[in-house]
Amino acid sequence: MSRTRDELVFLPLGGSGEIGMNLNAYGLGPPDDRKWIIVDIGVTFGREELTPGVDLILPDASFLEGERDNIVGIVLTHAHEDHIGALPWLWPKLGAPVYATPFTAALLREKLRERGLLEKVPLTIVPLKGKLQLGRFDIEFVTLTHSIPEPNGLAIRTPL
């Protein structure tokens, strides 16, 4: 496959410019053969004055559902609800392997167990300061300071 048509695409589907509901996708490749990684897949919480009767709001992942076969992984940066809370609802539509540090994986397992997905979701534990190669994405976990154990930023490198 020719790499001359490669593009690197950033697709913010939630969390950008707001607090909550984080879901960002990165695509690499030509438009007709692009591979994707998803970084975080969280919820936001309804507010009675804005969304009466709504407890959780999920990001709209319908575009990624159409790219299901091209998603090489879902990478979680930390265990706050706005970063992992939508995974039990959206994973059946996306079906990609999930990568998380030990603490995040432990909390996620309980959420998956509650939804009957524990044995279905391929979950790989990444050590602190770990690295992943997902397709042509080279991902390095960068330890940060935050209000929860094992928070990370990601250094995502590609040929572009």
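Colleague: What makes up the secondary structure of the chain?
Modeller: In this predicted model, the chain has 4 helices and 11 strands.

Colleague: How do you know that the radius of gyration agrees with a compact globule?
Modeller: A compact globule of 160 residues would have a radius of gyration near 15 Å, and the chain has 16 Å, so the two agree. The C-alpha trace spans about 50 × 30 × 30 Å along its principal axes.

Colleague: Why is Glu48 called exposed?
Modeller: The relative accessible area of Glu48 is 57%, and exposed means over 50%. Glu48 is therefore exposed.

Colleague: Where is Glu48 found?
Modeller: Glu48 lies in the loop between β4 (44-45) and β5 (56-57).

Colleague: What share of the chain is buried?
Modeller: Buried residues, those under 20% relative accessible area, make up 44% of the 160 residues.

Colleague: What part of the contacts with a separation of 6 or more comes from residues 24 or more positions apart?
Modeller: Such residue pairs account for 57% of those contacts.

Colleague: What makes up the accessible surface of the chain?
Modeller: The surface comes to about 8200 Å², and carbon and sulfur atoms hold 54% of that area.

Colleague: How many charged side chains are there, and how far apart are the centres of the two sets?
Modeller: There are 16 positive and 21 negative side chains. The centres of these sets lie 6 Å apart.

Terms used:
Residues numbered from 1 in each chain as written. Predicted model: local features only at pLDDT ≥ 70, side-chain atom pairs only at ≥ 80, totals over all residues. Heavy atoms only, no water. Helix = DSSP H or I, 4+ residues; strand = E, 2+ residues; numbered from the N terminus. Rg over C-alpha atoms; globule rule 2.2 N^0.38 Å. Buried < 20%, exposed > 50% of the residue type's maximum accessible area, 1.4 Å probe, protein only. Contact = heavy atoms within 4.5 Å. Areas by Shrake-Rupley, 256 points an atom, 1.4 Å probe, with all protein chains shown as cover. Lys, Arg positive; Asp, Glu negative; His and termini not counted. Charge placed at Lys NZ, Arg CZ, Asp CG, Glu CD.
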